Amino acid sequence: MKLHSCTIVLKNHHVLTLDSVEQSLGVLEQYSQNHIEKVTIDALDGQQLHSYQLSFEESLESLMNL
(Lines give C-alpha, C1' and ligand atoms only; values in the text may rest on other atoms or scores of the structure.)
Protein backbone atom coordinates (compact mmCIF):
# COMPACT_ATOMS: atom_id res chain seq x y z
CA MET A 1 0.00 0.00 0.00
CA LYS A 2 1.09 3.54 -0.72
CA LEU A 3 -0.22 6.71 0.90
CA HIS A 4 -2.45 8.77 -1.36
CA SER A 5 -3.48 11.31 1.30
CA CYS A 6 -3.95 11.70 5.02
CA THR A 7 -6.72 14.01 6.22
CA ILE A 8 -6.51 15.18 9.82
CA VAL A 9 -9.46 17.01 11.36
CA LEU A 10 -8.56 19.04 14.42
CA LYS A 11 -11.01 19.65 17.26
CA ASN A 12 -11.07 23.34 16.30
CA HIS A 13 -12.49 22.17 12.92
CA HIS A 14 -9.36 22.93 10.88
CA VAL A 15 -8.76 20.29 8.21
CA LEU A 16 -5.24 19.36 7.09
CA THR A 17 -4.73 17.19 4.01
CA LEU A 18 -1.23 15.84 3.54
CA ASP A 19 0.31 13.66 0.84
CA SER A 20 3.40 12.29 2.54
CA VAL A 21 3.92 9.90 5.43
CA GLU A 22 6.57 12.16 6.99
CA GLN A 23 4.31 15.24 6.94
CA SER A 24 1.39 13.26 8.34
CA LEU A 25 3.43 11.82 11.20
CA GLY A 26 4.83 15.26 11.96
CA VAL A 27 1.38 16.82 12.20
CA LEU A 28 0.10 13.97 14.38
CA GLU A 29 3.05 14.42 16.72
CA GLN A 30 2.68 18.22 16.71
CA TYR A 31 -1.03 18.31 17.59
CA SER A 32 -1.23 15.15 19.74
CA GLN A 33 -4.27 13.06 20.45
CA ASN A 34 -5.92 15.79 22.58
CA HIS A 35 -6.31 18.17 19.61
CA ILE A 36 -7.26 15.71 16.86
CA GLU A 37 -10.88 14.84 16.11
CA LYS A 38 -10.33 12.21 13.42
CA VAL A 39 -7.82 10.86 10.93
CA THR A 40 -8.64 9.46 7.49
CA ILE A 41 -5.97 7.66 5.51
CA ASP A 42 -6.45 7.07 1.78
CA ALA A 43 -4.05 4.43 0.45
CA LEU A 44 -3.48 2.90 -2.96
CA ASP A 45 -2.95 -0.84 -3.32
CA GLY A 46 -1.73 -0.49 -6.89
CA GLN A 47 -5.21 -0.62 -8.41
CA GLN A 48 -7.77 0.75 -5.98
CA LEU A 49 -7.99 3.56 -3.47
CA HIS A 50 -8.96 2.47 0.04
CA SER A 51 -10.12 4.86 2.74
CA TYR A 52 -9.65 4.18 6.46
CA GLN A 53 -10.90 6.19 9.44
CA LEU A 54 -8.64 5.27 12.32
CA SER A 55 -7.99 6.17 15.92
CA PHE A 56 -4.98 8.31 16.73
CA GLU A 57 -2.86 5.30 17.75
CA GLU A 58 -3.96 3.20 14.77
CA SER A 59 -3.20 6.03 12.36
CA LEU A 60 0.34 6.41 13.74
CA GLU A 61 0.94 2.68 13.38
CA SER A 62 -0.58 2.52 9.89
CA LEU A 63 1.44 5.48 8.61
CA MET A 64 4.66 3.96 9.92
CA ASN A 65 3.85 0.77 7.98
CA LEU A 66 3.34 2.60 4.65
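**Questions on a predicted model**

Modeller: Serine 32 lies in helix α1, which covers residues 21–35. Please keep in mind that this is a predicted model.

Biologist: What is the phi of serine 32, and how accessible is serine 32?

Modeller: The phi of serine 32 is positive, about 60 degrees, although serine 32 is not a glycine. Buried residues have under 20% relative accessible area and exposed ones over 50%. Serine 32 falls in between and therefore counts as partly exposed, with a relative accessibility of 28%.

Biologist: In what pattern do helices and strands follow one another along the protein chain?

Modeller: The protein chain contains two helices and four strands. Read along the sequence, these elements give the pattern β-β-α-β-β-α.

Biologist: What radius of gyration does the protein chain have, and what would a compact globule have?

Modeller: The C-alpha atoms fill a box of roughly 35 × 20 × 15 Å along the principal axes. For 66 residues, a compact globule would have a radius of gyration near 11 Å. The protein chain agrees with this, for its radius of gyration is 11 Å.

Biologist: Which percentage of the residues in the protein chain counts as buried?

Modeller: A residue counts as buried if its relative accessible area is under 20%. Of the 66 residues in the protein chain, the share that counts as buried is 36%.

Biologist: Is strand β1 largely enclosed or largely open?

Modeller: Strand β1 consists of residues 2–10. Seven of its nine residues are buried, so the rest of the structure leaves strand β1 largely enclosed.

Biologist: Which residue in β2 is the bridge partner of valine 9?

Modeller: The answer again concerns the pairing of β1 with β2, which run antiparallel. The bridge partner of valine 9 in β2 is valine 15.

Biologist: Is histidine 13 buried or exposed?

Modeller: Histidine 13 lies in the loop between β1 and β2. In this hairpin, which has four residues between the strands, histidine 13 takes a positive phi near 75 degrees. Its relative accessibility is 69%, and the cut-off for an exposed residue is over 50%. Histidine 13 therefore counts as exposed.

Biologist: Why does aspartate 42 count as buried?

Modeller: Aspartate 42 lies in strand β3, which spans residues 36–44. The cut-off for a buried residue is under 20% relative accessible area. Aspartate 42 counts as buried because its relative accessible area is 15%.

Biologist: How far from aspartate 42 is the nearest side chain of opposite charge?

Modeller: Although aspartate 42 is buried, it has no salt bridge. A salt bridge would need a side-chain nitrogen of Lys or Arg within 4 Å of a carboxyl oxygen. The nearest side chain of opposite charge belongs to lysine 38, at a distance of 11 Å.

Biologist: With which side chain does the side chain of aspartate 42 make a polar contact of 2.8 Å?

Modeller: Leaving out residues up to four places away in sequence, aspartate 42 touches Lys2, Leu3, His4, Ser5, Leu49, His50 and Ser51. The C-alpha atom of leucine 3 is 6.3 Å from that of aspartate 42, although 39 residues separate them along the chain. The polar contact of 2.8 Å joins the side chain of aspartate 42 to that of serine 51.

Biologist: Which backbone oxygen does the side chain of serine 59 reach?

Modeller: Serine 59 is found in helix α2 (residues 56–65) and counts as buried, with 0% relative accessibility. Apart from neighbours within four places in sequence, serine 59 is in contact with Leu28, Val39, Ile41 and Leu54. Its side chain reaches, at 2.7 Å, the backbone oxygen of phenylalanine 56.

Notes
Residues are numbered from 1 along each chain as its sequence is written. This is a predicted model: local features need pLDDT of at least 70, side-chain atom pairs count only at pLDDT 80 or more; totals for chains, interfaces and linings use all residues. Side-chain values use heavy atoms; hydrogens and water are left out. Buried means under 20% relative accessible area, exposed over 50%, partly exposed in between (1.4 Å probe, protein chains only). Lys and Arg count as positive and Asp and Glu as negative; His and the chain ends are not counted. A polar contact is a pair of N or O atoms within 3.5 Å; within protein, one must be able to donate a hydrogen and the other to accept it, and residues adjacent in sequence count only if both atoms are side-chain atoms. Contact means heavy atoms within 4.5 Å. Two strands pair if DSSP finds at least two bridges between them. The radius of gyration is taken over C-alpha atoms; the globule rule is 2.2 Å times the number of residues to the power 0.38.
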